[in-house]
Amino acid sequence: MKRITAWRRRPWAGYAVVLAALAAIGVVYAGFSPQTERAEAKSSAQAAQDLKNGQELFNKNCASCHGLNAEGTKDAKGKPLAPSLIGVGAASVDFQVSTGRMPAMNPGAQVPRKEPIPAFDTSIKTDYEDPKEREHAEKQKAQAEKNLRDLRAYVQSLGLGPEVPPASAVDPEGGDVALGGKLFRTNCAQCHNFTGQGGALTGGKYAPPLSGDDVTPTQMYEAMLTGPQAMPVFNDTTLTPKEKQAIIAYLVQTREEPNPGGNGLGRIGPVSEGLAGWLIGIGLLVLAAMWITAKKPKKLKKS
Amino acid sequence: MSDTTAPKAIEGTLGFIDERLGSTTFFRRNVKKVFPDHWSFMLGEIALYSFVILLLTGTFLTLWFNPSMKEVVYDGSYTKLQGVKMSEAYASTLRISFDVRGGLLMRQIHHWAAILFMASILAHMLRVFFTGAYRKPRELNWIIGINMFMLGMLEGLFGYSLPDDLLSGTGLRITQGVLESIPLVGAYGYMFLFGGEFPGQDIIPRLYMLHILLIPGLILGLVTAHMMIMWHQKHTAMPVKNQTEKKVYGYPFYPVFMAKTGAYFLFVFGVVALLGAFAQINPIWLFGPYDPGAISSGSQPDWYMGPLEGALRIMPNWEISAWGHTVSFNVLIPAAVPLGIIFGGAMAWPFIEAWVTGDKRQHHVNTRPRNAPVRTATGMAAVTFYGLLWLAGANDVLAERFHVSLFATTWFFRVTVILGPILAFIVTKRICLGLQRKDADVIGHGVESGVIMMSPDGRFSERHEAPREEEKIVLLSKENARPEAPARDARGIPAPGAKGPIGHLRSRLNRAWTFDDVPVEEHGHGEHEAIESGSDSEQVKR
Amino acid sequence: MSDDNKETAGPEGPREGGEPREGGARRERVLGTPSPAREKALLAEDDISAPAGVGEQLDEASMKRAERIVATLFMVAFAASVAFIAYFIGWSGRDGGMHGVVRARESNFWLGGTMALSFLAMAAGVTIWVRRLMTSKPIVQERHELAADEDTRAAFAQDFMEGAEDSGITKRPLLRRTLLLAAAPLGLAPLVLLRDLGPLPEKRLRHTYWGEAVKRAKSEGKKGVRLVVDGTHRPLRVSDFASPGSMITVLPEGVEEHVPEDEVLTQNAKAVTILINVPEDRFKPAKGRENWHINGIVAYSKVCTHVGCPAALYEQTTHHILCPCHQSTFDATDAAKVIFGPAARPLPQLPLSVEDGYIIATSDYHEPVGPSFWERG
């Protein structure tokens, strides 16, 4: 016991202990997980291949506008045509491609949401009766998911940017809906409307509706995080992930909520109400007035 | 109808009232009062019955509504707002919607009835204007009607502001901004209305008092006056057979008109209930409580405030700052001028028209719109002006739905709000004159019968027949313009009405009113042959 | 309705002649319904407006049919009203009453639906009744001259003058004038009573809570007051807000703690501010405001200078701030100058600085926020 105590006092003792510990860990690691290492080796090869797939997809679908090195392009007058994608991050790519905005079709005031191109369409129907068809669709979907993942990874590899949020961060069940409503009305509703029906911006641009089921919670999160097109950025330090989740919870609950008063009339407020009042209300009552004061029934005309 | 006496219960009641009020004389005189028939005469009734519905449902709502701006934390049954701070007014409106049985229905019926109330007043006003029913002796009722519409606008604005939701709070904020911009007294008016700075604690209780007591009281008084005057003067009639300035033709009040108006009362109730049941209106739970920092795109007022909102939107940003004072024409002009022109013009119109045409007679038979082209064209110009401002109030919704540039819509309305009415005036007048010409043709040449006749020398011609009796009466209801006495007679002495600049103006306007009139006369220069050939269809006249 | 004597001086029933009265009452005899036998054919073709009263022309069978239709509609209305009551009593209150969206929806559907059905069925029934079964005939009535005749007017004028004479109001100007004098202030009295509706504006419209908050912060030895996010009350660091194109609504720190509860909303309504991160290379600070921004992080009043809506719509591509109410557009890169719409003045700018890494405001707005007013200057 005494000897050990004496050793402890030696100057090299600290290093020795650390070395011993490291050696022990190394042995244990090597002994317990030979497979992990091999898997890692394999996965790094796989990763390289994925990255290559991502690059191929990029060259095929994106490079024509964004440039082969994602540096962005400009027209003859030096006006940017397409922005550089270096540093925009995976979240931005995921948002733009999964909402079908990219690849863009033709330049307009704003790139509209549309069906994603087949290579990235992760929302295709898979619930076919025919097992063969279903298998085919599922395969296609899996491929699209992989393509999207690879493309994201490729762009992320060009320069780090915001990552795609994990599923737990966007789960509408976990959000504080009261806080979300307050934040939405203060910072989002001015463009997207109370109920997420969208609205007009300047120059023919518009804030897209958020009320459709195709707008996924992940896309909402990514939009806030990256600020696509005219939308401002709400990074994770301005609105924390918890607060973003609250906003998502508010939006999802609002769109899933039934309209207790009957038809929602588009949920855009008094414009459609006034229209309904005039067309349906006054229309029906004018018909009633015409019936009440109409000349007598036709068949009696010549009695 | 039997000659026997009424059942004992009725007889007894009538007797009881008669012995105390002498009412039977009144009943006897009015029980068969004649009401001319036309579908458009019922538009005003929609307003009357919506008002009744508003009073009934409004009373129901007051039983639960709490007009207080005290802040509470909501813990009611609408889960999405649990834990949100809001005013008691908003919380109690949520309670009416989600916890009081039938509360939501009553709220929706109340709001739909308000929309129909205003819409039907406007429709009724258009009918009255275009048929010339506002002319002497009915100018007072016309003015009362316009005042009711303006009171209705205030009533509606105050009413939809009560729940203190985000949408209506924005409306109040705009009201405050407009009030504040009034020169000299603006800031004082603002402080006095809101009991301090916006939003303060007082505005909702104050609006509540105005909304449930003062303004409905005024409207009720005006409605009563409107109805009594109408009853006393008797309703106007359309220019059809049997209707003359001296005699009114139609069905007796009791039982026919009573049953008809009763049925219409039920229709109005039914349609409003239908809307209340199946069309959601003012879903305040989706708008959220009022929060001065929050705003939604597409924040619009109810439709009757739309023209004001539109005027505010398209006004250029004129403002003067001088000698330490600021005058905001960018707010004052849109707030006062467009509706001032419309309502002020409408109130003055009967008198202007009488002055210009020199027509001081009483009118009980309406004019067909084509037979007063200047009036009809002016009306259409006003409709265009109002309509464009109204659309401008929804320019963001238009821009969003049709994907056009927001600023382009503003410029579109800035231009058309000036040009549109002028164009509408010209086009409408042309159409009216064209229709007059057609009428003159029908009277002069008869109606094309579709029968082709061959004359002895082999020519083909279509036989023209005289119009049917009823049609002819309608066509001949036109009062042809008589050339006014020349401003100066043969000896150069000016006519009494044409002296001075005012007189000159009057005679010029008078000429503008009548110069292109197309006379519709029975014994014109028509093809006698055609008229004769149609004489066999001459009807037996009474 | 006692005003009716003149108009209905003669009874106007279709079957009676009027008691003759002076002038023009001769023709008060009403035309319209001679014996049905003679009039029948004429009525049939002569229907200018004969929406009712065809009953007599219907044979017994079709009248019976119409009657049955009307009765059926009335029965439908009855059933619907009963269903309304039954639903209310029997179903709407189950499981502890109607609460929440889903039950409100169900209740609205059934109550409103049965109510509408009841009214509409009854309305249709009455309409058919009038149109098919009532046997009233159209009648004609005289329209009377509304104005009184000369004699009456003259008699009234005389009475009126006589009364004035008798009362002495014309003869005694002193009475007349003092009465008017006495009445005049009485009319003003209610206006005086309204004075206490609210405070006078004084300097209220010129300051916001930022001024007070900055003053408190300075008294505590700090440079200025922190900006907190509206809704979460979290103060913002410069590094938190570093992403270009960011936007958020902020308030001065401490409104909730230091302001009486019932005034929080009122203070927020003036102090609410929009914080924007404009790319620094695009930002052109106004003269004299070179140090009011932090590398392009800039704060403007959120209250529109037009009529006070929150001007909150920021487009990060064009750097426009748009007010969603009336589309006034401001340029965030250029001191919020107006570039379109009805607003006449730029949004006031809040002087910003950094303290301990936090974004702070160093003073109140230098001009009144919100809509213009007369005394604004």
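## Strand pairing in chain C

Strand β2 (residues 225-229) of chain C runs antiparallel to β3(C), and three bridges join the two; strands are said to pair if DSSP finds at least two bridges between them. Helices (H or I, at least four residues) and strands (E, at least two) are DSSP runs, numbered from the N terminus. Within this pairing, Val229(C) has Val250(C) of β3(C) as its bridge partner. On β3(C) there is also an antiparallel pairing with strand β4 (residues 273-277) of chain C, over four bridges. Here Val250(C) stands opposite Thr273(C) of β4(C).

The model is predicted: local features need pLDDT of at least 70 and side-chain atom pairs count only at pLDDT 80 or more, while totals for chains, interfaces and linings use all residues. Residues are numbered from 1 along each chain as its sequence is written, and chains are lettered from A and ligands numbered from 1 in the order in which they are written.

How many residues of strand β3 (residues 247-252) of chain C are buried? Six of its six residues are buried, and the strand is mostly covered. A residue counts as buried if 20 or more other C-beta atoms lie within 10 Å of its own, as exposed if 12 or fewer do, and as partly exposed in between, with C-beta atoms placed from the backbone. Met247(C), Thr249(C) and Leu251(C) point one way from β3(C), whereas Ile248(C), Val250(C) and Pro252(C) point the other way, and all are buried.

Chain C as a whole has eight helices and 12 strands. Of its 377 residues, 41% count as buried. Among the contacts in chain C with a separation of 6 or more, 59% are between residues 24 or more positions apart; a contact requires C-beta atoms, placed from the backbone, within 7 Å.

## Domains of chain A

The domain assignment, which is automatic or taken from a database, gives chain A domain 1 (42-164) and domain 2 (165-258). The centres of domain 1 of chain A and domain 2 of chain A, taken over C-alpha atoms, are separated by 22 Å. In the contact, 15 residues of domain 1 of chain A meet 14 residues of domain 2 of chain A. The side of domain 1 of chain A that touches domain 2 of chain A has seven nonpolar, six polar and two charged residues. In these classes, Ala, Val, Leu, Ile, Met, Phe, Trp, Tyr, Cys and Pro are nonpolar, Asp, Glu, Lys and Arg are charged, and the others, Gly among them, are polar.

UniProt, in an unreviewed entry, places the feature "domain: Cytochrome c" at residues 49-159 and 175-255 of chain A; such annotations may be inferred rather than shown by experiment. Over residues 175-255 of chain A, the chain is 49% helix and 5% strand, with the end C-alpha atoms 15 Å apart.

## Contact between chains A and B

The contact takes 52 residues from chain A and 58 residues from chain B. Elements of chain A that each supply at least two residues of the side touching chain B include α7 (177-187), α10 (241-256) and α11 (270-293). The largest share of that side, 18 residues, comes from α11(A). By class, the side of chain A that touches chain B has 25 nonpolar, 23 polar and four charged residues.

## Helix α8 of chain B

Helix α8 (residues 186-194) of chain B is mostly covered, with eight of its nine residues buried. Among the buried residues are Tyr188(B), Tyr190(B) and Phe192(B). The buried residues of α8(B) pack against α7 (166-180) and α9 (203-233) of chain B. After α8(B) comes Gly195(B), whose phi is positive, near 65°.

## Backbone exceptions

Most residues other than glycine have a negative phi, and most peptide bonds are trans. A cis peptide bond joins Met102(A) and Pro103(A), with omega about -5°; Pro103(A) lies in the loop between α5 (89-98) and α6 (131-158) of chain A. The peptide bond from Phe198(B) to Pro199(B) is also cis, with omega near -10°, and Pro199(B) is in the loop between α8 and α9 of chain B.

Gln229(A) is not a glycine, yet its phi is positive, near 50°. Gln229(A) is in the loop between α9 (217-226) and α10 of chain A and is partly exposed, with 17 other C-beta atoms within 10 Å. Leu184(B), likewise not a glycine, has a positive phi of about 70°. Leu184(B) is in the loop between α7 and α8 of chain B and counts as exposed, with 12 C-beta neighbours inside 10 Å.

Conventions. Two residues are in contact if their C-beta atoms, placed from the backbone, lie within 7 Å.
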